[in-house]
Amino acid sequence: MRATQPSPPGEPPVRVRLLGAVEVVGVDGRSVPAGPPLQQAVLACLAGEPGRVWSSAQLVDAVWGEQPPARPEASLSTYVWGLRRLLGADAIVRTSTGGYVLQVDGPGSDVVAARDAGQEASRLVSTGEPERAAEVLAAALGAWRAEALLTVPGPGADLQRTGLHALRVSLSEQLAGLLLALQRPEDAAAAVQDVVHADPLQERAGELLVTALASAGRRSQALAELQRIRTALRDDLGIDLGPGLRRLATRLVAAGAGPVAPATPSVVPRQLPPASEVFVGRAEELRQIEARLGEASGQQGALVVVRGSGGLGKSALAVRAGHRLAERFPDGQLRVAFRAFDHSARTRTAGDVVPGLLSSLGVPADEQPSGVDDRSALLRSLLAERRVLIVLDDVPDADSVRALRPASPGSATLVTTRRVLSGLVALDGARELVLEPFEEGEGLELLRRVLDRDDGAEGAVAADGEAAAQLVELCGGWPLALRIAAAQVLAPHRPSLSEVVRQLRDERTRLAHLAIPDDPLVDVRAVLGWSVRALGADAGRAHRLLGLLPVDCATAQVVAAALDVGQDRAADVLDELASHHLAAPVHDLVHLHAAELAVDLPDADRRAALCRVLDLYVAVAADTVHLIYPSMRAPDAEAGPSTAAVADATGAARWLDEHDDLLQRLVALAADLDHPAAHALPAALRRHLYQPSVARAWEQSLLLAEQSARRHGDRLAESLVLPLLASVARQERRHDDAVELLRHAARLRYGDRWYLERGLIGGALFEGGRYREAVAELTAAIEHPETTDVLRVDYTLHLGLASTALGETEAAAAAAERMLPLLDRVEPDLAPRWRVEGRWGLGSLLRVVGRPEQARTHLVAALAGSRRFGFDDATGETSTELAVVEHQLGDDDAAERHLQQAVLVAPSFLAAARSNLAQRAVLYEGFGPVLDEIGRRAGQGS
């Protein structure tokens, strides 16, 4: 073993050495080898970026590339175990998402220390300590003992070696430039001589070497180095000296035997702020940024735009990426904060920031041109000779980017913005990345990393994982909101995670809790407000009104109703909201903020807008249901252009399923406003709501609808809602309640002619097992002259089933005979769902009366229709029926095929089928074992 160089006083010691052979430093300051080569490769990844979470897949790719072992995860675990023995059990942490992260105090590795040295040197120069800056750079370069990652295999190590070589070159150039400014040309020449001799194509280093030699009076050596560089460029690349070296050659010739002074100060600008100590996720975004900008040497000014709402970590991502790419931009990293959405300060323009950039590149203020265009031209000229990364943060528009973007090969621009800058993608070749909130795993990892830094809160996430997950959900995965919530846990009074969750559950005060007092940069409400204040008048009003509606209401149709404007204007407003990340989709915190702002609108305006939207949804619901059930339009509906957002029955069924929760929330909103949509909306949806699985989920909304209809004296609407409540009662086996609800509905709707509803009442009596009463009511309804053939089909089916339950097989068979011509006659006019249910019902009745071959014919037709229209519940029920029928007919192979089909859609029908079996076992003989087998195969045991 050998002792390592001591760390600076007060700094934790470097734990891993990568700048040469890979070694681990013990607590006694002595270094030991880091194990076998592949174990070193794993360590190189983790120690190259301490604090970064590496997924197992990323480590496998970095260590083995395209030839991983048979069990890469097991091999990886073995190497991590070996590294923990060297570094300590707590040094390498396995995260909840299955990744690995190196957690050590201080820089962790000599690579990180070397990267930090470049930034520290720039800081020291800016505070007037250039001599100290030179010492820091020299110490960093002294950490190289040989080629970095000596003997370490794998594509990850190859990539790191390239980057670390670039870092070494960059630090050497930075040191040489600083020594020239300190008038130490001999030392400057020594700082870059090895770099240039090893790689004459490093033009920036060559320029510094030639300048240093000439400034030291060694003109002949300077000319010799210049010629050597020219020859290498011509032989290897077929090009001549770059602009900087050509000007230097001219000055050398003009100076004769005298010394040559550098044209401008040579301090390399490194303006990126420190990267966040805790950085989680965004691995794919980082990969794309590095892939696009890291190869900038072969492109004309590579450009990446990172877009997203405030508080998602755009600036943190840009800074992190900038530091990781710093080695590839040896002439510096420039950063400009435009403050486009910071309304505490004026948005800066390109003209405002160019003077500062010129000063950073060594042009004193008194030597800069006076006009904005001339300054911009000078900036582009200076950047044309350099390899720089420019980070433009929070930019307001595309023109600001175009004015500052270097177009030369070797430089790159990284932009962050809240605005959609499509022009940069279309005209300037930008790669756009859109940031989204964290998924739960990333949010939990962020909480864990923030909270576990503090000894008093260590293990808070593990101790209360449920509260942590709820916190991520309440913050919507927003990094800023999660950091603020974590800061509250770390506050002096130290509330628990559960206490913070309890505070945030109240939507009325959630945003108030997501703020650090007196700091608008860590205040979710303030950050969102900056975006809202950038909106035009109509967009600002629409944003506030949408906050009063359920979160997923933001469509052009709804905006048009809310603002009382045309569709074209509404589409423009929605586009403006979307361009500020305030629509499609709307984040929960954005929605809460919009609702807070809506209190600024006059009460009458708010109510009028909401009423227009509710009226719209009643019309949309009626038109959408009409696509599925053409004969079921509400009795008082007026004909006109359809407001439905879809064109056919399949799309309508999908729309109703996807908007189910939204429609229920609109009923609740209408009830709060005492608006008739509270009962009109369920009435318009009534045929859709007759589906058992849907009606039960709507029970609370239906109760609100009934109360609203009674309050408004709307007897027709009440008569339409009560049968839906009866359907719920039937599912809950409150059959007597269902019968009374149906009788009340019939009297409300028909008065003395209530007998027109006797068929529905008969169906309820059948469901309740009151078969004899059911037969009487159904028979009367079927025989009544005002009963339509469509209803006769349904009533005849129930009459046949009730007769079967009474053991009256002949009566049941007679019902089946009557149903056959009825169904054939009305089927062309039926909606798809009714056609499927009609054939399925007839097939079931024929099976019950002992006619399996006829049953099969109708069940096969029903199955074809259910598959065509995507009715999974009907597909499951019909497949089950067919499995039983085929078994009765002796074709067990066919029965097995239908059984497998039922298993595929088991979640959509199995619970309802078991309920039917429990209620009417006499009608479903032989179904019990079949349903049990379906449940077993689908993992839904009874």
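Visitor: Why does Glu-886 count as buried?

Guide: This is a predicted model, and the label comes from a computed area. Buried means under 20% relative accessible area. Glu-886 has 5% relative accessibility, so Glu-886 counts as buried.

Visitor: What makes Arg-856 and Glu-886 a salt bridge?

Guide: The cut-off is a side-chain nitrogen of Lys or Arg within 4 Å of a carboxyl oxygen of Asp or Glu. The side chains of Arg-856 and Glu-886 meet at 3.0 Å, N to O, and therefore the pair qualifies. The two residues are 30 apart in the chain, with Arg-856 in helix α42 (residues 852-869) and Glu-886 in helix α43 (residues 872-888), and the pair links distant parts of the chain.

Visitor: Why is Arg-856 called partly exposed?

Guide: Partly exposed is the range between the buried cut-off of 20% and the exposed cut-off of 50%. Arg-856 has a relative accessible area of 28%, so the label is partly exposed.

Visitor: How do you know that Arg-839 forms a salt bridge with Asp-824?

Guide: The closest N and O atoms of Arg-839 and Asp-824 are 2.8 Å apart, and the limit is 4 Å. The pair therefore counts as a salt bridge. Arg-839 lies in helix α41 (residues 832-848) and Asp-824 in helix α40 (residues 809-826), so the pair ties together parts that are 15 residues apart in sequence.

Visitor: Which labels do Arg-839 and Asp-824 get for accessibility?

Guide: Arg-839 has 8% relative accessibility and counts as buried. Asp-824 has 46% and counts as partly exposed, because exposed would need over 50%.

Visitor: What makes Glu-718 and Arg-710 a salt bridge?

Guide: Their closest N and O atoms are 3.9 Å apart. The limit is 4 Å, so this pair is counted. Glu-718 is buried at 7% relative accessibility, whereas Arg-710 is partly exposed at 46%.

Visitor: How many salt bridges does the structure hold?

Guide: The structure holds 37 salt bridges. Salt bridges also link Arg-17, Glu-23 and Arg-145 in a network.

Visitor: How many cavities are there, and what volume does the largest cavity have?

Guide: Rolling a probe the size of a water molecule over the atoms shows where empty space is left. The count here comes to 5 cavities of 30 Å³ or more.

Visitor: Which helices each supply at least two residues of the lining of the largest cavity?

Guide: They are α24 (537-546) and α27 (588-597). The largest share, 3 residues, comes from α27. The lining includes His-543, Leu-546, Leu-582, Val-590 and Ala-594. By class, the lining divides into 9 nonpolar, 3 polar and no charged residues.

Visitor: Why is His-543 called buried?

Guide: His-543 has a relative accessible area of 3%. The cut-off is under 20%, so His-543 is buried. This residue is found in helix α24. Leaving out residues up to four places away in sequence, His-543 touches Val-532, Leu-535, Leu-577, Leu-582, Val-590, Ala-594 and Leu-597.

Visitor: What does Leu-577 touch, and which core includes Leu-577?

Guide: With residues up to four places away in sequence left out, the contacts of Leu-577 are Leu-535, Ala-539, Ala-542, His-543, Leu-546, Leu-582 and Ala-583. Leu-577 belongs to the largest nonpolar core, which has 165 residues. Leu-577 is among those with the most contacts inside that core, together with Ile-289, Leu-414, Val-524 and Leu-666. Helix α28 (residues 603-628) gives the most to this core, with 12 residues. A second, separate core has 77 residues, including Ala-41, Leu-76, Tyr-79 and Ala-117.

Visitor: Why is Gln-183 called exposed, and where is Gln-183 found?

Guide: Gln-183 has a relative accessible area of 69%. Exposed means over 50%, so the label holds. Gln-183 is found in the loop between α6 (155-181) and α7 (185-198). Its phi is near 60°, a positive value in a residue other than glycine.

Visitor: What label does Asp-674 get for accessibility?

Guide: Asp-674 has a relative accessible area of 35% and is therefore partly exposed. Asp-674 lies in the loop between α30 (660-673) and α31 (677-684). Phi of Asp-674 is near 55°, again a positive value in a residue other than glycine.

Note on methods. Residues numbered from 1 in each chain as written. Predicted model: local features only at pLDDT ≥ 70, side-chain atom pairs only at ≥ 80, totals over all residues. Heavy atoms only, no water. 1 Å grid on protein atoms, 1.4 Å probe; cavity = no way out; pocket = protein on both sides within 12 Å on 5 of 7 lines; lining within 4 Å. Points joined across faces, edges and corners; volume = space filled by probe spheres on them. Helix = DSSP H or I, 4+ residues; strand = E, 2+ residues; numbered from the N terminus. Nonpolar A, V, L, I, M, F, W, Y, C, P; charged D, E, K, R; others polar. Core = buried A, V, L, I, M, F, W, Y, C linked by side-chain atoms within 4.5 Å. Buried < 20%, exposed > 50% of the residue type's maximum accessible area, 1.4 Å probe, protein only. Contact = heavy atoms within 4.5 Å.
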